[in-house]
Amino acid sequence: PRLLAVTAASPSSRAALAPPAGPCLSAEIKRLNRLRLAGSLAAGPLIIFVAFFSAPDGSPTGLLITLGTILVLGGLGLRLWALGCIDGNKKRRLVSWGPYRYVRHPLYAGSLLFLLGFCVLAGSLTAAAIAGLIFVGLYLPALRAEERLLAAQHGDHWDAYCQASGALVPKLVRRLPRSHTPFHIRRPLREIGALLILLLLALGVSRLIRLVRQVQELPAWFL
């Protein structure tokens, strides 16, 4: 009889009765995140090298610099916004406000915007393609593992959240209702120094790449 009762239960009841996600998935997420961080650090010099030896583009420099700066600032700003929303809430509840109202992984989306913005500033299509491949190879596996863990933890609430939000790009048709939730400044303040360093590096290195390509006759091995 107990087996029949569980089988006939609603999906939400089955989610409540299901055992919590085991330590194996959490360990897998930690492993993927370590790989993601190490791969990102290793990919930085590669992207810079490719940008140095890319053919100068014919687009207006001012337009590219403006677009790249907007992408870089937008990516870093999105990360700060997301950090303020998950601070103190990430392990206690399903965060679905702030940037999480629109996308399920705004931290990853912010990193992608930052990478693409740097490639635009440096004027290298090949570097942008490499950045996209790195994101697919290193970030998406971690993203999918995190989503499996969240689905196991939150059940039907996660399913409803996925229907109203995109993973990295907002959905235009459906959207979660606006909710008034606190924004904690502690975590953004703790991270803002590192993000400012990244901003200065992106602007400075991309400027250096353009100056060197103007002064020196570097071989154009890439687009």
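The accessible surface of the protein comes to about 13200 Å², and 68% of it belongs to carbon and sulfur atoms. Accessible areas here come from the Shrake-Rupley method with a 1.4 Å probe, and for residues only the protein chains shown count as cover. The structure is a predicted model: local features need pLDDT of at least 70, side-chain atom pairs count only at pLDDT 80 or more, and totals for chains, interfaces and linings use all residues. Residues are numbered from 1 along each chain as its sequence is written, and side-chain values use heavy atoms, with hydrogens and water left out.

**Whole chain**

Start with a cartoon view. The protein has eight helices and zero strands, so the elements run α-α-α-α-α-α-α-α from the N terminus on; helices (H or I, at least four residues) and strands (E, at least two) are DSSP runs, numbered from the N terminus. Of the 223 residues, 37% count as buried. Buried means under 20% relative accessible area, exposed over 50%, and partly exposed in between (1.4 Å probe, protein chains only). Among contacts with a separation of 6 or more, 83% join residues 24 or more positions apart, a contact being heavy atoms within 4.5 Å.

**Helix 3**

Select residues 23–52, which make up helix 3, and find Lys-30 there. Is Lys-30 buried or exposed? Lys-30 counts as exposed, at 55% relative accessibility. Patches are made of residues with over 30% relative accessible area and no salt bridge; like charges are joined within 9 Å, and nonpolar side chains (Val, Leu, Ile, Met, Phe, Trp, Tyr) within 5 Å.

Next, show Glu-28 and Arg-31, which form a salt bridge with the closest N and O atoms 2.8 Å apart. A salt bridge is a side-chain nitrogen of Lys or Arg within 4 Å of a carboxyl oxygen of Asp or Glu. The two residues are three apart in helix 3, so about one helical turn separates Glu-28 from Arg-31. Glu-28 is partly exposed at 27%, and Arg-31 is partly exposed at 39%.

**Arg-104 and Glu-147**

By the same rule the count comes to four salt bridges. One of them joins the side chains of Arg-104 and Glu-147 (2.7 Å, N to O). Because Arg-104 lies in the loop between helix 4 (61–86) and helix 5, and Glu-147 in helix 6 (residues 125–154), the pair ties together parts 43 residues apart in sequence. Both Arg-104 and Glu-147 are buried.

**Helix 5**

Select Ser-111 in helix 5 (residues 106–122). Ser-111 is buried, with a relative accessible area of 13%. Leaving out residues up to four places away in sequence, Ser-111 touches Arg-79 and Tyr-139.

**Helix 8**

Finish at a nonpolar surface patch formed by Trp-81, Phe-183, Ile-185, Leu-189, Ile-192 and Leu-196, with about 570 Å² of accessible area together. Which helix gives the largest share of the nonpolar patch? Helix 8 (residues 186–215) does, with three residues. Ile-185 sits in the loop between helix 7 (156–164) and helix 8 and is partly exposed, at 48%.

Also in helix 8, Arg-187 and Glu-191 lie four residues apart, about one turn. They form a salt bridge, the closest N and O atoms being 3.8 Å apart.
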